[in-house]
Amino acid sequence: MSDAASIDDTLAELVEEFDLLGDWEGRIEYVIDLGKGLAPLDDSDRAEANKVPGCAAQVWLAVRRRGDRLNLLADSDSALAKGNIALLLKLYSGRTPSEILGFDARAALDRLGLPSALTRQRANGLNSMVGRIREAALAAG
């Protein structure tokens with residue numbers, strides 16, 4: 001067994017952090033701060049093929065396979081979208097395709113109270129990001 005936290009453990013840690021933050025404004029600030037911590041994305045990864053459709057902002061998601069795991073790299077031209085994708089990378093990056101596909105992202109995001117804190121368009125963008133990650137896992141699986 002690896003010493004890396006399981007996807008459920010990572011979610012539990014995020015839920016705890018979000019609970020401490022209290023109101024949705026604090027949660028949104030936290031998400032934006034997560035985005036500031038993303039590593040810069042290579043220009044070569046800002047290709048049309050890596051763009052996530054259905055997002056109000058431009059969001060790029062690049063997938064690198066390392067053994068049986070998928071490492072995800074992402075960026076956005078919007079601070080909130082960048083934070084949202086950073087949150088998803090915290091959950092999904094470095095996981096196997098089966099771990100990604102076996103995880104209920106919608107329930108997880110509801111537990112964090114994130115979709116209700118976002119506009120409908122941004123919540124749809126978040127769902128599009130999850131969809132793109134799941135597509136990558138299906139293709140790699």
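**A cavity, its lining and the contacts around it**

The lining of the largest cavity comprises 7 nonpolar, 3 polar and 1 charged residues; here Ala, Val, Leu, Ile, Met, Phe, Trp, Tyr, Cys and Pro count as nonpolar, Asp, Glu, Lys and Arg as charged, and the others, Gly among them, as polar. The model is predicted, and local features need pLDDT of at least 70, side-chain atom pairs count only at pLDDT 80 or more, while totals for chains, interfaces and linings use all residues. Residues are numbered from 1 along each chain as its sequence is written, and side-chain values use heavy atoms, with hydrogens and water left out.

The structure holds 1 cavity of 30 Å³ or more. A cavity is a set of points, on a 1 Å grid over the protein atoms alone, where a 1.4 Å probe fits but cannot get out, and its lining residues have an atom within 4 Å of a point. About 60 Å³ of space lies in the largest cavity, a volume being the space filled by probe spheres set on the points, which are joined across faces, edges and corners. Among the lining residues are Cys55, Leu80, Asn84, Arg122 and Met129. Helix H3 (79-92) and H7 are the elements that give two or more residues to this lining, and H7 provides the largest share, 5 residues. Helices (H or I, at least four residues) and strands (E, at least two) are DSSP runs, numbered from the N terminus.

The next subject is charge. A search of the whole structure finds 7 salt bridges, each defined by a side-chain nitrogen of Lys or Arg within 4 Å of a carboxyl oxygen of Asp or Glu. One of them joins the side chains of Asp75 and Arg46 (2.3 Å, N to O). Asp75 lies in strand S2 (residues 69-76) and Arg46 in the loop between H2 and S1, so the pair ties together parts that are 29 residues apart in sequence. Asp75 is buried, with a relative accessible area of 6%, whereas Arg46 is partly exposed at 30%; buried means under 20% relative accessible area, exposed over 50%, and partly exposed in between (1.4 Å probe, protein chains only). Arg46, Asp75 and Lys82 are linked in a network of salt bridges. The charged end of Arg46 also sits over the ring of Trp60, 4.8 Å from its centre; this requires NZ of Lys or CZ of Arg within 6 Å of the ring centre and within 35 degrees of the ring normal.

A further salt bridge connects Arg132 with Glu135, whose closest N and O atoms are 3.8 Å apart. These two residues of helix H7 (residues 120-140) are 3 residues apart, and therefore separated by about one helical turn.

The structure holds 2 aromatic pairs. Rings of Phe, Tyr and Trp (its six-membered ring) pair if their centres lie within 6.5 Å; planes under 30 degrees apart count as stacked, over 60 as edge-to-face and the rest as tilted. Phe18 and Tyr30 form an edge-to-face pair, 5.5 Å centre to centre with 85° between the planes. This pair links distant parts of the chain, with Phe18 in helix H1 (residues 7-21) and Tyr30 in helix H2, 12 residues apart. Phe18 is buried at 1% relative accessibility, and Tyr30 is buried at 18%. Tyr92 and Phe103 also pair edge-to-face, 5.8 Å centre to centre and 85° between the planes, and both are buried.

Key. On a 1 Å grid over the protein atoms alone, a cavity is a set of points where a 1.4 Å probe fits but cannot get out, and a pocket is an open set with protein on both sides within 12 Å along at least five of seven lines; lining residues have an atom within 4 Å of a point.
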